[in-house]
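Student: I am new to this structure. Please show me how to read it.

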2 protein chains.
Amino acid sequence: MLASPPDLRLSGERFQVIYQLSGDEAAARAKAADICLEQTVEFPDSLVPAGAIRDGIVGRVESVRRLTAERHEAAISFAVEIAGGELTGLLNVVFGNISLKPGIRVERLELPERALEIFRGPRFGIAGLRRMSDVPDRPLLCTALKPMGLSPEQLAELAYQFALGGIDLIKDDHGLTDQPFCPFEERVKRCAEAVHRANRETGRGCIYLPHVTARADQLVERALFAKQNGAGGLLVCPGLAGFDAMRQIADDDRIALPVMAHPALLGSFTAGGGNGIAHFTLYGQLMRLAGADASIFPNVGGRFAFSREECVSIAQGCAAPMGAIQPIFPTPGGGMSLDRLQDMRAIYGREAIFLIGGGLHQHGPDVVENCRYFAKMAQEM
Amino acid sequence: MLASPPDLRLSGERFQVIYQLSGDEAAARAKAADICLEQTVEFPDSLVPAGAIRDGIVGRVESVRRLTAERHEAAISFAVEIAGGELTGLLNVVFGNISLKPGIRVERLELPERALEIFRGPRFGIAGLRRMSDVPDRPLLCTALKPMGLSPEQLAELAYQFALGGIDLIKDDHGLTDQPFCPFEERVKRCAEAVHRANRETGRGCIYLPHVTARADQLVERALFAKQNGAGGLLVCPGLAGFDAMRQIADDDRIALPVMAHPALLGSFTAGGGNGIAHFTLYGQLMRLAGADASIFPNVGGRFAFSREECVSIAQGCAAPMGAIQPIFPTPGGGMSLDRLQDMRAIYGREAIFLIGGGLHQHGPDVVENCRYFAKMAQEM
């Protein structure tokens with residue numbers, strides 16, 4: 001028979017995960033009890049050693065609350081130490097094995113100081129990115145270099161026009177990596193140069209953010225290359241590269257650039273059916289823990305399927321108090337056009353980045369004029 | 001108006017993704033057309049430049065086939081070059097943005113040689129792992145070191161008993177990382193030593209696979225430490241660390257150990273509702289591209305919710321022809337007990353690893369005897 005060590009020397013500090021559970025109260029309580037085992041000891045309840053393991057390692061149901069007859073919310077706490085001081089470990093405790101079980105959705109993380117202190121969080125946050133862009137209070141304007149297939153010269157010419165027209169943040173489309181028809185290094189050099197040239201003409205501080213998601217062994221290298229060649233920020237896809245790979249880029253003092261997170265491959269977490277991670281947590285809390293300064297997501301009313309309520313919850317997750325972890329910019333995009341700006345302003349207020357991609361090519365024939373129109377609308381907001 | 005470059009110098013080689021689409025035929029055709037744009041140019045159809053971009057970059061619907069009145073299957077092809085020679089890029093083209101849209105599920109990848117040659121795939125595969133374990137034809141037996149909270153000494157004692165009893169592969173529970181009550185380096189040293197000691201007594205080739213998922217900047221370091229301290233394989237969670245981080249570990253010639261993949265955090269991809277990535281692709285094809293030699297998943301009839309049919313499809317994805325990419329071991333587990341062995345044998349045949357964790361502590365009071373019973377049953381299969 002296995003026995004607990006006499007003392008695991010745990011601090012007693014615990015973090016909480018709020019889960020939404022499908023089923024009536026009995027089913028929800030059974031799910032909650034199961035989560036306590038599944039996310040820690042992964043052991044049959046009857047075999048869990050009494051003492052320090054049962055008392056300190058196994059999760060603890062703090063509360064179960066009825067939402068509807070068929071949905072309940074449970075708060076479950078875990079010893080801070082079991083996440084092992086790592087984001088990968090935290091993700092695992094929060095939703096590792098139980099992602100494989102039906103009817104369990106992560107609603108919210110409640111992390112005490114001791115859990116938060118292992119994360120630096122966003123290096124710039126809203127305040128830093130505003131300072132860097134020299135935009136003290138209006139929403140920031142962002143667009144993307146596309147379509148894939150344009151040459152680095154063509155993308156640089158577009159970047160120049162966007163910057164001239166008053167865009168604040170110009171990112172690569174996240175499909176641009178290091179294709180033979182648009183090599184990473186040439187693209188970064190040309191686009192960064194074009195944006196700096198426009199900035200000299202306008203006196204403004206437009207930032208170019210190349211997409212650096214790459215092989216695990218090349219991500220830091222690409223980020224450093226971007227930094228050394230004039231990029232003012234970086235675009236990373238944590239769904240493709242891993243949340244902690246983004247955290248690594250954000251935390252690296254040699255890089256020290258704002259990081260914008262793109263949601264590629266993350267959609268299944270919010271696809272519904274009672275499974276997954278809530279928008280608030282995924283696009284708000286987790287992006288901040290993983291070092292993003294801005295979190296892109298598909299806005300309501302565009303090409304994608306997020307509801308207004310879900311979008312609002314993302315903005316809340318980007319701003320909710322999290323100890324010393326700064327608030328970040330919600331960055332709604334995904335098929336936005338200029339006529340959606342008023343509504344975006346109504347939803348997000350000023351603490352947001354408005355991302356308009358293809359729509360900037362559609363308003364009129366002159367891209368610079370379209371940007372000026374976009375910038376003028378934002379000035380008046 | 002944007003213009004295509006005259007020539008993108010594409011090879012003409014294309015890979016195909018088979019998607020299952022919700023909706024009637026008209027809806028499915030609209031979804032298929034949308035995927036072609038969304039996964040490539042991310043641009044309104046009317047603005048896509050004619051010529052090389054429209055012809056070469058935009059995806060192409062190769063076929064649409066009716067499954068039921070409300071489900072269709074579409075084959076969509078993409079130029080090999082747009083994945084940029086990277087697994088992260090391939091994942092993005094296959095399911096990046098469209099993971100955020102409802103009613104689209106990846107069913108299968110069809111990759112030509114030119115797409116496959118960027119991947120080394122599993123270094124060992126079924127044949128290599130059999131050679132290493134000296135088990136020529138029966139199913140391999142695997143168990144996990146748990147529960148979390150045991151000290152490195154206690155886990156090492158368990159590892160010794162498992163190895164003595166005839167287990168082939170002993171992995172860390174994936175919740176074990178580098179907790180203060182069970183530090184990584186001490187655990188690896190003690191458990192590897194214990195397994196080697198048992199092997200000297202039995203003359204067998206039991207392998208210890210520590211869990212090395214960690215911060216992005218420490219993963220390779222942990223894998224190297226494990227290698228240098230007697231580990232015979234590694235356990236990695238690609239859902240936590242990123243698929244390409246696992247690929248990096250598998251491809252590193254300094255490490256050169258078998259990799260077992262754990263499904264933590266991947267559950268939402270197969271949670272249903274018409275969104276996601278099919279079991280065949282996620283736990284079979286993608287694990288192989290990402291270098292796993294064995295793919296753990298929750299077997300039917302255990303603590304999780306995969307169906308028999310889904311489990312069979314995983315085994316098929318582990319074995320389906322993929323050019324030079326070797327077949328790998330399906331590794332069903334998750335709440336298995338000894339009385340499930342016959343059924344596992346019926347489902348998977350001999351080309352599988354049977355993973356029994358807590359169940360090995362339940363059969364009787366003596367762990368070594370329980371393992372011997374497990375091994376004897378497997379011998380007779």
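**How the two chains meet**

Tutor: Start with the interface. Of the interface residues of chain A, 99% are also interface residues in chain B, so the copies meet through the same surface. Contact here means heavy atoms within 4.5 Å. This is a predicted model: local features need pLDDT of at least 70, side-chain atom pairs count only at pLDDT 80 or more, and totals for chains, interfaces and linings use all residues. Residues are numbered from 1 along each chain as its sequence is written, chains are lettered from A and ligands numbered from 1 in the order in which they are written, and side-chain values use heavy atoms, with hydrogens and water left out.

Student: How many residues of chain A are in contact with chain B?

Tutor: 81 residues of chain A touch 80 residues of chain B. Buried area is the accessible area (1.4 Å probe) that two parts lose on being put together, summed over both. Here that area is about 6,700 Å², and carbon and sulfur atoms give 61% of it.

Student: What about charged pairs?

Tutor: Side chains of opposite charge can pair when their charged atoms come close. A salt bridge is a side-chain nitrogen of Lys or Arg within 4 Å of a carboxyl oxygen of Asp or Glu. The rule finds eight across the interface of chain A and chain B. One of them pairs A:Glu42 with B:Arg303, the closest N and O atoms being 3.8 Å apart. A:Asp34, A:Glu38, A:Glu42, A:Lys101 and B:Arg303 are linked in a network of salt bridges. A:Arg303 also forms a salt bridge with B:Glu42, at 3.7 Å between the closest N and O atoms.

Student: Is B:Glu42 buried or exposed?

Tutor: Buried means under 20% relative accessible area, exposed over 50%, partly exposed in between (1.4 Å probe, protein chains only). B:Glu42 has 8% relative accessibility, so B:Glu42 counts as buried. A:Arg303, at 31%, counts as partly exposed.

Student: How many residues of helix α10 of chain B are buried?

Tutor: Helices (H or I, at least four residues) and strands (E, at least two) are DSSP runs, numbered from the N terminus. In α10 (residues 243-251) of chain B, eight of the nine residues are buried.
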